[in-house]
Amino acid sequence: MKTLLVTLDSKFIHTNLAVRYLKNFCKDNNFDIEIKEFTINQNQEYILRQILDVKADIICFSCYIWNIEYIKEIANIIKEANVNVKILFGGPEVSFEIENLMENEIYIDYVIYGEGEITFNEFLKEIRLSNPNFDKINGLAYRDDGRIIVNNCRNLISNLDIVKYPYEEDEQFENKIIYYESSRGCPFNCSFCMSSIDKTIRNFSLNRVKRDLKKLLKTKARQIKFVDRTFNTDYKRSIEIMKFIVENNHNNMRIHFEITADIINEEFLLYISTLPVNMFQFEIGVQSLNEETLREINRHMNIEKLYHVINSIRINKNIHVHLDLIAGLPYENYETFKESFDGIYKLNAEKIQLGFLKVLKGTKIYMDKVYHNIKYRKKAPYEVICTKYITLNEILKLKSIEELVDKYYNEKYFEYSINYILENIYKESSFEFYEDFSEYWQQNDLYKVSHSRKRLYKILYEFIKYRDKLTEKFISALRYDYVFNNQYEELPSYLNKEYEERYKYIKRLIANDDEFRNQFFEDMSKEDKLINRFRIVDIEKDATLFIYKNKENIFNRCETLKINNWIKEYENE
């Protein structure tokens, strides 16, 4: 009996962990299982052809909020074309209100809900029998003579080491993100989060984790993303895993963890300060700084300690820190969200991610939606429309602001000029700058099309000019950002291109200077041309040398140095 596991990822660079767990867990039983991995951006006809070519008897779909609508349509088409093929849904998106799902989607034959490995294995053993009996398979829902039967839920796996390593030895991961977990469950009870349902923490053994990581760190993946909901629950265990990664990460892979900042102690902070630059990335879910909101969503957060921890991590300039906020939470209105934004903005994290509440089945916030008058989209991802506290118009304003934060803050291409704006024009509130800037984008219909990075600099310049705040210092700051982040782009006229052209002859002299080469480019051979590895531009009347290093490393993208004395020496010569 041929079984096909199908997943639709949100992007090509992602890898689905769940279907690989299922296939490898069943390896010892000689089941005929194949995986087909697609993305939600691929042509539907292509996906259908690929699925049908397998000629599977059972087609199993891995369901999440980002792919459920696509999967429903594809599964329905397959069932309409071949009533004999069996359709199975599994995953977090179908683990609640199962009877209602199967009543509405009549093409679904089976649903596996909750933790799926053991259930899936038992199901495949049973379905290949001549007279299968599904009633004792916990975690399974099925149809029986027109009735929908939802069996008892399955107990969680106590010894996670029985769940086999999910990836194949010969899988190719170059430039992809590999998902991995060293634990399941979460100790916290955040009302908006699916992980709050599984309140127990279960760990894979450290020996197992190290064996797995040894294999993963040998791949050429772009990143290993741990999906542990709170990686640092046990800080000693976390340190041991991170030490192992540092010792074995010979390919300099980026490692991503989700952590809770305010439970970090000084010992863990001290260890973090010793980590290599640019290897680790921490995502910290702040969600809100409004205490009434935090109480309501069961987030017992020490805000003072949160600030201390994030500032302590940031000061070392070795870890990428991403901070998350969620709009649409209970008791969070537009003004309190503005205060939360201003509060975390001053922490100067590498990224600020503005998310919008997803009202997920099974969560406390789903149960409380009537009390808080939370209106949300009826199709996945069930995003908030408005609440008792925030209007649709305000949500849409935040959406527009989110886009500008992503363009102008998160990539760090405008850092010098945005800092100037906040220090000199919008001293009271960083949020107000993005709010005003967003209104300017609306008025000038700028959201309608995408813009190159080059154009984004000009838009920022035009906004400050429109606000009648254009000064030579701001132009100089924008010029700095432009040169710092654009190694090959010629300075545009509005940034005074003559401020670079005046140094063209001297730049050629410097490029041929052995002393200069030895000081800044000792890793390059004498045959390598240096002329495109640096630029000389006036910044606030100072001749400034820009030396381009590693564009992938925001901590070491470019080095700058004031060289007025050098220039005088070369001019004299």
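**Helix and strand packing**

Analyst: Helix H11 (residues 334–345) and helix H13 (residues 392–410) pack at an angle of about 15°, with their axes 12 Å apart; axes are lines fitted to C-alpha atoms, for helices over the stretch in contact, and angles run from 0 to 180 degrees between N-to-C directions. Helices (H or I, at least four residues) and strands (E, at least two) are DSSP runs, numbered from the N terminus. This is a predicted model, in which local features need pLDDT of at least 70 and side-chain atom pairs count only at pLDDT 80 or more, while totals for chains, interfaces and linings use all residues. Residues are numbered from 1 along each chain as its sequence is written, and side-chain values use heavy atoms, with hydrogens and water left out.

User: How are H11 and H13 oriented to each other, parallel or antiparallel?

Analyst: H11 and H13 are roughly parallel, a label for angles under 35 degrees, whereas over 145 counts as roughly antiparallel, 65 to 115 as roughly perpendicular and the rest as oblique. The contact (heavy atoms within 4.5 Å) involves Tyr334, Phe337, Phe341 and Tyr345 on H11, and Glu394, Lys397, Leu398, Ile401, Val405 and Tyr409 on H13. By class, the contact of H11 with H13 has eight nonpolar, no polar and two charged residues, where Ala, Val, Leu, Ile, Met, Phe, Trp, Tyr, Cys and Pro count as nonpolar, Asp, Glu, Lys and Arg as charged, and the others, Gly among them, as polar.

User: And what about H16 and H17, at what angle do they cross?

Analyst: Helix H16 (residues 453–466) and helix H17 (residues 472–485) cross at roughly 170°, and their axes come within 11 Å, so H16 and H17 are roughly antiparallel to each other. From H16, Arg453, Lys454, Tyr457, Leu460, Tyr461 and Ile464 meet Phe474, Ile475, Leu478, Asp481, Tyr482 and Asn485 of H17. By class, the contact of H16 with H17 has eight nonpolar, one polar and three charged residues.

User: Switching to strands, which sense does S11 take when it pairs with S8?

Analyst: Strand S8 (residues 177–180) and strand S11 (residues 223–226) pair in the parallel sense over four bridges, pairing being called when DSSP finds at least two bridges between two strands. Ile177 stands opposite Gln223 in S11. S11 also pairs in the parallel sense with strand S12 (residues 254–259), over three bridges, and there Ile224 stands opposite Ile255.

User: What order do the strands take in the sheet with S18?

Analyst: The order is S18-S19-S20, in an open sheet of three strands with antiparallel pairing. Strand S18 (534–539) and strand S20 (558–562) stand at the edges with a single partner strand each, so one side of each is left without a neighbour in the sheet. Neighbouring strands of this sheet are turned by 25° against each other on average, direction ignored. S18 is joined to strand S19 (residues 542–548) by six bridges, with Leu545 in S19 as the bridge partner of Ile536.

User: Where does H21 lie?

Analyst: Helix H21 (residues 564–572) lies across S18, S19 and S20, and runs at about 100° to S19.
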